[in-house]
Amino acid sequence: MRSKIDKILLIILLIAFLVSIYLIFQWVPQIKASNPAEQIAQRIFYFHVPSAWLGFMAFFVVFCGSVAYLVTRDRKYELISVASAEIGVLFISLVLITGPIWAKPVWGIWWTWDVRLTSSLILWLIYVAFLMLRRYLPDGSKRANLSAVVGIIGFIDVPIVYYSIRWWETQHPKAVMASSEGSLAAPMFFAFMFSLATFTLLYVYLIRKRYQLLALEDTINKQFKEMEIL
Amino acid sequence: MMSTAFSILKKDLRMEFRSKESILAMWIFSLLIFVIFNFTFEVSRLVMLEIAPGLLWVAFVFSGMFGLNQSFSMEKENGNLRAMALMPVDGGQIYVGKFLSVTIIMLMFEALIFPIFIIFYDLQLSLGMFMLIPVLLAGTIGFTSLGTILSAVAVHTRNQQILLSLLLWPLVSPIIIWSVTLTGMVLSGEMTEACYPLLVRVGAFDVIFFTLSYMLFDFILED
C-alpha cells in the first residue's frame, strides 16, 4: 500500500514545514503595531488563514465526492468524501482554536459573535453532524447514500449561512488580500503563499493516507466476511 | 400525478386528527418552554418584548422537532418505511406528502400556541399582526422542507432524535435568523418596506431546499 509518492510527499512536507516556520517566525518583518502582543499574535495569521482555506476546500471535496458517488455508485468517491470531511473538521477546528488565540491580545476578547466566527462554528457543526451520522449508521450502501445526501445539502447551505449571519455587525478585520489600502507587504505575501502551499500539500498527503486506510479497512472487512461464509 | 403525495398527506393528517399526538406534545412542550424561560431569565417587561420573537421561534423550532421525528418514526413500525421504499412511485412524491403533512401540523400548532404567547407576554393585538402570517408561513416551510428530508435520513439511525437535531439546527440557522428578525419587526410594529427583501430571502431558502430535497429523496429511500 505504501507508495513511493507518499514517501516523497512526506519528505517534501517536512522540508516545506521547516522552511515555512522559518519564514513565519524569523524572516517576515515585524508588523507595526502599538501593542507588542499584537505584533507577535499577528504571525498566527499564517496558520489561521491557510487552515480556513483548507477547511473550505475539504468541504468542497466532500460535496464533489457526494455528487460523484450518487451518480456513479463507486465506493471510491464515498471514501474520498469521508476522508475529506474528517480532514476538513480537523482544519476548521484549528481555525476555531487559532482565531481566539489571536483575538484575545488584539481584540481583548476570546470570542465574538461576528459573521466569520459564527459561520465557521456553524460550518464545523454541520460537518461534525455529517461524521456523527456516519457513526450511527451501519456500513453499507444505505450509509453511503444518506451521507452523500447530507454532504450535498450541507455544502449548498454553507454560503446561505454565511450570508444570513452577515446581519450582525462584523468586527472581523477585512480580508487583507482583497482590500486595497491594507494589502500585504511583499515578504508577508510570499510567506503567506508559501504557508498556504505547504498546508495544501499537507491536505493532499492526509487525504491520500486516510483514503488508503479506509480502503484497507474495506478489504479486511471483505476478507472477514468471506471467512465467515466459509 | 401528485396523487401519491396527497394519499400520504391524507393518511398522516387522519392519523394526527385521531390521536392528536404530535400537536398536543408540541403544544405542551412550548408551554413548558415559556414557563422555563420565565424562571431562567427574570427580565423586565421591556427586555421581554425584545426577546419575545426569539422565544417564540425557540418554542417553534424545539417543538417542531417532535413533529419531524414523529413523521418518519411512525412509518418504522410494521416495516412501513420499507413498504414506502418499495412503492413504484417517484421518491419525490413521498417527500412532498410528508413535507405537506408536517408543515400543516406545525402551522396548526403555531396557530394554537400563538394566543398563549400573546397572553403570557402581554402583547398588543393589532391589524399589523396579520403580517405575521406570511412570516410564520415562510419560516415554517423553510424549517420543514429541510427537516423532512433530514428526518428521513435520521430515522435510519440508532439515535434518531438527537441526530436530527444535530443535523437540522446548524443547517436551518439562516431561517431562524431571518424569521426572528422579521417576527421582531412585526411585533414591534415596524413592519416597513425593509422587511420585504428579508421575506424574499426566506422564500428563496424555501424554494432552494424544497427543490433540492425533492430531487434527492429517491436516494434516501433506496437500499
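Modeller: Let's start with Arg73(A). Arg73(A) counts as partly exposed, because 13 C-beta neighbours lie inside 10 Å. Keep in mind that this is a predicted model.

Biologist: Where is Arg73(A) found?
Modeller: In the loop between α3 and α4 of chain A.

Biologist: And what is phi of Arg73(A) near?
Modeller: Near 60 degrees. That is a positive value, and the residue is not a glycine. Most residues other than glycine have a negative phi.

Biologist: What about phi of Lys20(B)?
Modeller: Phi of Lys20(B) is positive too, about 55 degrees, and Lys20(B) is not a glycine either. Lys20(B) sits in the loop between α1 (3–19) and α2 (21–40) of chain B.

Biologist: Is Lys20(B) buried or exposed?
Modeller: Exposed. Lys20(B) has 12 other C-beta atoms within 10 Å, and a residue counts as exposed at 12 or fewer.

Biologist: Back to chain A. How many helices and strands does chain A have?
Modeller: Seven helices and zero strands. Along the sequence the pattern reads α-α-α-α-α-α-α. Of the 230 residues in chain A, 30% count as buried.

Biologist: What share of the contacts in chain A comes from residues 24 or more positions apart?
Modeller: 77%, taken over contacts with a separation of 6 or more.

Biologist: Tell me about α7 of chain A. How many residues has it?
Modeller: Helix α7(A), residues 186–229, has 44 residues. From first C-alpha to last it reaches 65 Å, close to the 64 Å expected at 1.5 Å a residue.

Biologist: Which residues in α7(A) are buried?
Modeller: Met188(A), Ala191(A), Phe192(A), Ser195(A), Thr198(A), Phe199(A) and Tyr203(A). These buried residues pack against α1 (4–27), α3 and α4 (75–107) of chain A.

Biologist: Pick a residue in α4 of chain A for me.
Modeller: Thr98(A) lies in that helix. Thr98(A) is partly exposed, because 19 other C-beta atoms are within 10 Å and buried takes 20 or more.

Biologist: What does Thr98(A) touch beyond four places in sequence?
Modeller: Ile44(A), Phe47(A), His48(A) and Ser51(A). Thr98(A) and Ile44(A) are 54 residues apart in sequence, yet their C-alphas are 6.9 Å apart.

Biologist: New topic, the nonpolar core. Which residues in the largest one touch the most other members?
Modeller: Leu133(A), Val149(A), Ile149(B), Val153(B), Leu167(B) and Ile220(B). That core has 101 residues. Apart from it lies another core of six residues, including Phe47(A), Met188(A), Ala191(A) and Phe192(A).

Biologist: And what is Ile149(B) in contact with, past its neighbours within four places?
Modeller: Tyr95(B), Ser213(B), Leu216(B), Phe217(B) and Ile220(B).

Biologist: How many residues of chain B are in contact with chain A?
Modeller: 22 residues of chain B, and they meet 26 residues of chain A. On the chain B side, the elements giving two or more residues are α7 (160–171), α8 (173–187) and α9 (195–221). By class, that side has 14 nonpolar, five polar and three charged residues.

Biologist: Last thing, confidence. What is the mean pLDDT of chain A?
Modeller: 84, with 89% of residues in chain A at 70 or more.

Technical notes. Residues are numbered from 1 along each chain as its sequence is written. Chains are lettered from A and ligands numbered from 1 in the order in which they are written. This is a predicted model: local features need pLDDT of at least 70, side-chain atom pairs count only at pLDDT 80 or more; totals for chains, interfaces and linings use all residues. Two residues are in contact if their C-beta atoms, placed from the backbone, lie within 7 Å. Helices (H or I, at least four residues) and strands (E, at least two) are DSSP runs, numbered from the N terminus. Ala, Val, Leu, Ile, Met, Phe, Trp, Tyr, Cys and Pro count as nonpolar, Asp, Glu, Lys and Arg as charged, and the others, Gly among them, as polar. A nonpolar core is a set of buried Ala, Val, Leu, Ile, Met, Phe, Trp, Tyr and Cys residues joined through C-beta atoms within 7 Å. pLDDT is the predictor's confidence in each residue, from 0 to 100. The expected span of a helix is 1.5 Å times one less than its number of residues.
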